[in-house]
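Please look at the sequence and the structure shown here, keeping in mind a general idea: side chains of opposite charge can pair when their charged atoms come close.

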Amino acid sequence: MTRRSTVPFPSKRCTGGVKPPNSKTEARRLRGSCAEFLILQNLQRHFGYARNCDLAAVFFSRGQTEDTILASIIFQLIKNESRAHSTQSIIDSQNLLLSGIKSQKPSITGIELSNHLWRLLEAVVKGAPGCETIFLLDGLDELKRDTRSTFLRNFLSLEKRTTSGGATIRVIISSKPYEDIREALAHYTSIEPHKEEKDCLQTLYFREWNARETRIDAVKEGGSWLASHQEYLKWIESSNSDLLWIEGKPGSGKSTLSKRIVQKLQEEPIPKHGADLHQDTTIAAFYYSFRGGITETSHELMLRSIVYQKENAEDIRGMVARWFKEDARRYGMRYQNENEPPPEEKGYSPYNFLELKNYIVENSQGTHTMASLEGRVRKLPKDLGGPDGFYRQIVQFLIRNQDADENLNEEDKNEERTKGRIILNWVTFTKRPISMFELEDVLATPLETQAVDFSRYDIRQNRPLELTRGLISYCGGLLETCDTQFGQTVQLIHQTVREFLLDKEQLAKPYDLDEANGDRMISMMCCSNIRITFAAAAFQLEVDHNFSQIHLVTARLCENNLLQYSLSFFAEHLTPLGDSGLSIREEFSFFIRDIMSRPTCYSALLLSKWIISYWSPEEITGLNQTNSERCLQSALIYAALNGRDEALGILLIRTCIKPPYVSR
């Protein structure tokens, strides 16, 4: 049996806490010792190697011949006594050859010597049946082309002869990717470091790694004072590790200024102790935000984002350049006339509400329109939050509009406010940004379920019309929509809105929020939303051998825009509730037991994997797992062949590794 791995390394070096050797030979010797130790250690640690094995390591150099390579391998292997004893007869039979070598008789040719050494090596490998042989052949490209060609041909022949006789050998070859080596070893597994690095880098990637950054306004001219600020200069010119802390009140433009710093470092080479910062420094950024849910608050995802940027620096720089050149206006430039300098150039930041107010007042210039505007601006609040702040005025505006609407009775007003609270809870507490399509089905999902017949409930008939416009009537200016590469999402207009809604003094009443109540509301609606789909009549059908109704099932999966979120995060919202979420658990467990009482219906077969991973394996009773796998496979194949991307995303939610969000 043979196991072979070829590793085409572009270069080879010895690293670590070892003093650099003075000669190339010493370097190779040290590297050989390290490699031999690490290989044996890793075989034992990671691959469960408890069997006996001998390692022969060769670190090729330019002047080596085939004979010296073989001699080195043989002498390493015959340290094993059983190998040495088993080859004694072979060695004795070569006395004539050995005496010819000692007397340096010209009758002994190099070819004869090589052939005898290959036969001896074959005997050594076969001589220890209970002991595996591991060959480490490093730097094969170092050999002269004719030498490595002969060596490879003979070594592959040796491999076939020994393994056919029952010996087990494992071979690791490293080399540069020369064409002749590739051809000789083409039928073996190859590890390409650049591909491995790329694959590793891809595991760090997640779609929202820079989502918050893209939502921050790109300001090209603002913050010009930064370049001459003493603390900034001290930080940027420091030769040591250093930290710059930008401090400011909410909404004052900290994130915008941070992005400006990143932009400045990326676009302008800055001399730093004789070096070009733009060339020898990697810039990585991550912007925390509660508005983005867990993807923008997770420390783990922050680290993944930073490492991803560091390892993929050149690609990131190109991306950032394109954002600033092509998409500045799309991501929210706040002035319309590009020929007119923005307010920041005159000493004001549009992200500081009070300064914006002062700017408008000071530039009214006595005109009638501006004078009228001046009077209104002077009445604007000085702060965003607080009992008399801007956000409180938005809430009061909502209440006044509802009270003034003669078409709304008290029940209608309460319903309007309930919908507003539902929307705010979902936008504030979801584990990732919520899309407009999902939010429509949030409002279409019943919160109170006592009188709901889920087998007949049609979520499409209960969706609100023109929700984009309705957001203003439900939540005023506390929310905004954001066009992203994944579709239109809904978010709070600023982090300070979240703080306002969660304020313990209930400043946002009747729209004030509490995180525990938010998780409870979302859990209840996720529970109801899952039931809407899997209690439907199509899912209660009994499967036949061909799963002939799978087209109806996948179509129903695509009808529920919120289902993917509900299945992915239901448990995450429910778990923190503890005992206060017991009623929701009992309601959902009753639903699970009900569908499991019909173990051959589509609901039971398609949900079983999800139940095992996300809920409780004990709920699975009387179900044929093979049948479940076949049903799931049929649904996946049908969805893939018919372009049902939403259904695919839902069907893949069956393990603890969640699939990427499938947007519409």
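## Overall count

The number of salt bridges in this predicted model comes to 19. Some of the residues involved are linked in a network, and one such network of salt bridges is made up of D403, E410, K413 and R417.

## A pair between two helices

The side chain of R531 forms a salt bridge with E587, and the closest N and O atoms of this pair are 2.7 Å apart. Because R531 belongs to helix α23 (residues 515-534) while E587 belongs to helix α26 (residues 582-596), the pair ties together parts that are 56 residues apart in sequence.

As for accessibility, R531 has a relative accessible area of 18% and is therefore buried, since buried means under 20%.

D453 and R456 meet through their side chains in a salt bridge, with a distance of 3.9 Å from N to O. Of these two residues, D453 is partly exposed at 38% relative accessibility, whereas R456 reaches 73% and so counts as exposed.

Another salt bridge joins the side chains of R460 and D458, where the distance from N to O is 3.2 Å. Here R460 is partly exposed, with a relative accessible area of 43%, and D458 is partly exposed too, with a value of 23%.

How values were computed: Residues numbered from 1 in each chain as written. Predicted model: local features only at pLDDT ≥ 70, side-chain atom pairs only at ≥ 80, totals over all residues. Heavy atoms only, no water. Salt bridge = Lys/Arg side-chain N within 4 Å of Asp/Glu carboxyl O. Buried < 20%, exposed > 50% of the residue type's maximum accessible area, 1.4 Å probe, protein only. Helix = DSSP H or I, 4+ residues; strand = E, 2+ residues; numbered from the N terminus.
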